[in-house]
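Please report on the packing in this structure. Cover the aromatic contacts, the sheet and the helix pairs.

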Amino acid sequence: MELRRVDPRCLKNNPRNPRKIQPGEMSDAALAASIGAIGILQPPVVSEKDGELTIAYGARRVRMAIAIGLPEIDVLVKDPDDHDHMRAVSENVVRAPMAIVDLWRSIESLASENWTEEAIASALAVSLRQIRKLRLLATVHPAILDQIGAGDMPKEHELRTIASASREDQAAVWKKLKPKKGEGVIWWQMSQALQKTRFFARDAKFGEAEREAFGIVWQEDLFAEGAEDNRFTIDGEAFVSAQRAWVDANMPKNGVWIEIDEYGREKLPPRANRTWAKPKKGDQIGFAIDPRDGTIHEVVFRIPEPDVKTGKDRSIGGGDDAPTPKRTRPEITQKGTEIIGALRTEALVKSLEVNACDDMTLIGLLVLAFDAKNVSVQTDRPTHSTRTKLVQSITEGGRLTHDAERLRVVARQMLASVLSCSLGRSDSGLVARIAGDALGADAHLGNMATEDFLGCLSKAGIEKVGSSLSVLPRPRAKETRAEVIKQASGATYVHPAALFALTEAELARHAEAPREYPWSHDPGEDDQEGVGDGIAETESDEAPAPTEGAVPMPNLDPDDLGENGDGADENAHLDEDEAPVVPVRSRPSRRKHAAAA
């Protein structure tokens, strides 16, 4: 053979080259980087015939040399023979990569010769991250390293856990879990024994000052994805303390500390209702630190003011309220319905603040409000401080103001304090939806193309949303949801189920006649009773019980009442300055009263 230096462009390709399918761009790029850094280690072999040089084997090296612009390369020139084709095949087949431990030892040897990690990565055509990952083997216990070198290789995440532990911990675990002769290591057991909770920098709210104050030292997780911040610490106590110090320093006035349960869920105070809308006046923000990973949880909630009870609570039993067994997953889950209710309430309140509303509509809305499911009225004292303050603002001196503009403002504020679309005890029912539709509250609904809401939809539900946004279904609902969020970015998407207009089924339910709940009592007893206690009670049930013996409201006509009959003026004997007695009963009294004089 003769070693010559030639222009690689003058070499002819071998028509019998066994490698017809190239290994790929990444492999070519790695070989090109290696040749550019340290040159061609093994010169290609060529055969000479009639003054022409034809590549026998090493065509890929020649191609990469041309690609990076080398003007000349070394080649070995030989006479052609019958074994050239076999040599070309064997060169591509009879190869064995270095064992990972040998590769690590070679990298350490190069580093001791003042090769930088960057230079080693360039010469070996591997990523800098891979070089640093291999150098982690320097922290592995020698006995474990020998086991790895013998071909008993752990999975990557298991090696990551082992390499991250101290040498002392590794030696103790190896002594306990060392395999018998001829057997392999149960790597998952060893990894589990050395596992320590990691608290990642990407979850930290605190800054550099808190990090230094609590002595937190970040480590790099070289086995994780390179696109993320993979710094972590195993000093959980210091991490949680730094998080708590940051929250204490940045706690808003309405912020409070809450606890986390064993499942990582926030524990709200008794009677507190979580809200998904933006925090408002009176709302509180709960802060909690998950001890499992140190993340800070923020939850907006409100605690309703307690209602004053005036008598014993009564419930009406019936089979209509029995829950039906869940057969299939609903299109929108309970959490999704709660989000819709919160967004509706926010939009309704906003429309009451800014949208135009004529006086007749306003009066109609007030009538609706006092028929809401979440309104309870007692005559002995106020049921809600907000309503009391509003009434006081228009009744100074005990007289109703004649300031029309002030009345309009207070009427809007009263409606906003009463009407609610949120689920649970505060739900106003369909009347809040009708009010929102009348005011055009749809225009104030917030964006629902969020992970929180779309995650509450079934696969069919999210595909329906995607169809409305021209998003084709993906194999997984998670992928479809991500594409929907991307498609709707920069705009406000409102799910059709969140609109205020009533559906056909809701319209039919709204048109149903209210059910009557007659209380069991002696029919003749009502005629013998007088004025009674003078206390008015209005239950908050959907269909309140009618007053005993009362005439239906549509048939009442003051002109038809006689002067001495049942409709006689019971307040005629009072002076003008005395308060009138209004005889209203919600249930039959258990004792007889003398008739009013």
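In this predicted model, the charged end of Arg 244 sits over the ring of Trp 257, at 4.2 Å from the ring centre. Arg 198 makes a like contact: its charged end sits over the ring of Phe 232, 4.1 Å from the centre.

Phe 232 also belongs to an aromatic pair. The structure holds five such pairs. In one of them, the rings of Phe 200 and Phe 232 have centres 6.1 Å apart and planes at 55 degrees, so this pair is tilted. Phe 200 belongs to strand 5 (residues 199–200) and Phe 232 to strand 7 (residues 231–233), so the pair ties together parts 32 residues apart in sequence. The cut-off for buried is under 20% relative accessible area.

Trp 218 and Phe 239 form another aromatic pair, and this one is edge-to-face. The centres lie 6.3 Å apart, with 75 degrees between the planes. Trp 218 sits in the loop between helix 11 (208–213) and strand 6 (219–220), while Phe 239 is in helix 12 (residues 236–250), so the pair ties together parts 21 residues apart in sequence. Phe 239 is buried, with a relative accessible area of 0%.

The table sets out the two pairs.

| Aromatic pair | Centre to centre | Angle between planes | Type |
|---|---|---|---|
| Phe 200 and Phe 232 | 6.1 Å | 55 degrees | tilted |
| Trp 218 and Phe 239 | 6.3 Å | 75 degrees | edge-to-face |

Four strands form an open sheet in the order 1-4-2-3, with mixed pairing. Strand 1 (2–6) and strand 3 (52–57) stand at the edges with a single partner strand each, so one side of each has no neighbour in the sheet. From one strand to the next, the twist averages 45 degrees.

How do strand 1 and strand 4 run, and how many bridges join them? Strand 1 and strand 4 (residues 73–78) run antiparallel, joined by five bridges. Arg 4 has Val 75 in strand 4 as its bridge partner. Helix 2 (residues 59–67) packs on the sheet and touches strand 3 and strand 4. The direction of helix 2 makes about 120 degrees with that of strand 3.

Strand 2 and strand 3 are also antiparallel, with five bridges between them. Val 45 stands opposite Tyr 57 in strand 3. The hairpin of strand 2 and strand 3 has two residues between the strands. In this hairpin, Asp 50 takes a positive phi near 55 degrees.

Ser 47 lies in strand 2 (residues 45–49). Its relative accessibility is 13%, so Ser 47 counts as buried. Leaving aside residues up to four places away in sequence, Ser 47 touches Glu 52, Leu 53, Thr 54, Lys 78 and Pro 80. Of these, Glu 52, Leu 53 and Thr 54 fall within strand 3 (52–57), and Lys 78 falls within strand 4 (residues 73–78).

Now the helix pairs. Two packed helices are described by the angle between their axes and the distance between the axes.

Helix 13 (residues 334–354) and helix 16 (residues 404–418) have axes that come within 9 Å and cross at roughly 180 degrees. Helix 13 and helix 16 are therefore roughly antiparallel to each other. On the helix 13 side, the contact residues are Val 349, Ser 351, Leu 352, Glu 353 and Val 354. They meet Arg 412, Leu 415 and Ala 416 in helix 16.

Helix 4 (residues 100–112) packs with helix 7 (residues 142–149) at an angle of about 120 degrees, and the axes are 8 Å apart. Helix 4 and helix 7 are therefore oblique to each other. Here Ile 100, Val 101, Trp 104 and Arg 105 in helix 4 meet Leu 145, Asp 146, Ile 148 and Gly 149 in helix 7.

Last, the whole protein. There are 22 helices and 15 strands. Of the 597 residues, 32% count as buried. Among contacts with a separation of 6 or more, 74% are between residues 24 or more positions apart.

Terms used: Residues are numbered from 1 along each chain as its sequence is written. This is a predicted model: local features need pLDDT of at least 70, side-chain atom pairs count only at pLDDT 80 or more; totals for chains, interfaces and linings use all residues. Side-chain values use heavy atoms; hydrogens and water are left out. Two strands pair if DSSP finds at least two bridges between them. Axes are lines fitted to C-alpha atoms, for helices over the stretch in contact, and angles run from 0 to 180 degrees between N-to-C directions. Contact means heavy atoms within 4.5 Å. Rings of Phe, Tyr and Trp (its six-membered ring) pair if their centres lie within 6.5 Å; planes under 30 degrees apart count as stacked, over 60 as edge-to-face and the rest as tilted. Buried means under 20% relative accessible area, exposed over 50%, partly exposed in between (1.4 Å probe, protein chains only). A charge sits over a ring if NZ of Lys or CZ of Arg is within 6 Å of the ring centre and within 35 degrees of the ring normal. Angles under 35 degrees count as roughly parallel, over 145 as roughly antiparallel, 65 to 115 as roughly perpendicular and the rest as oblique.
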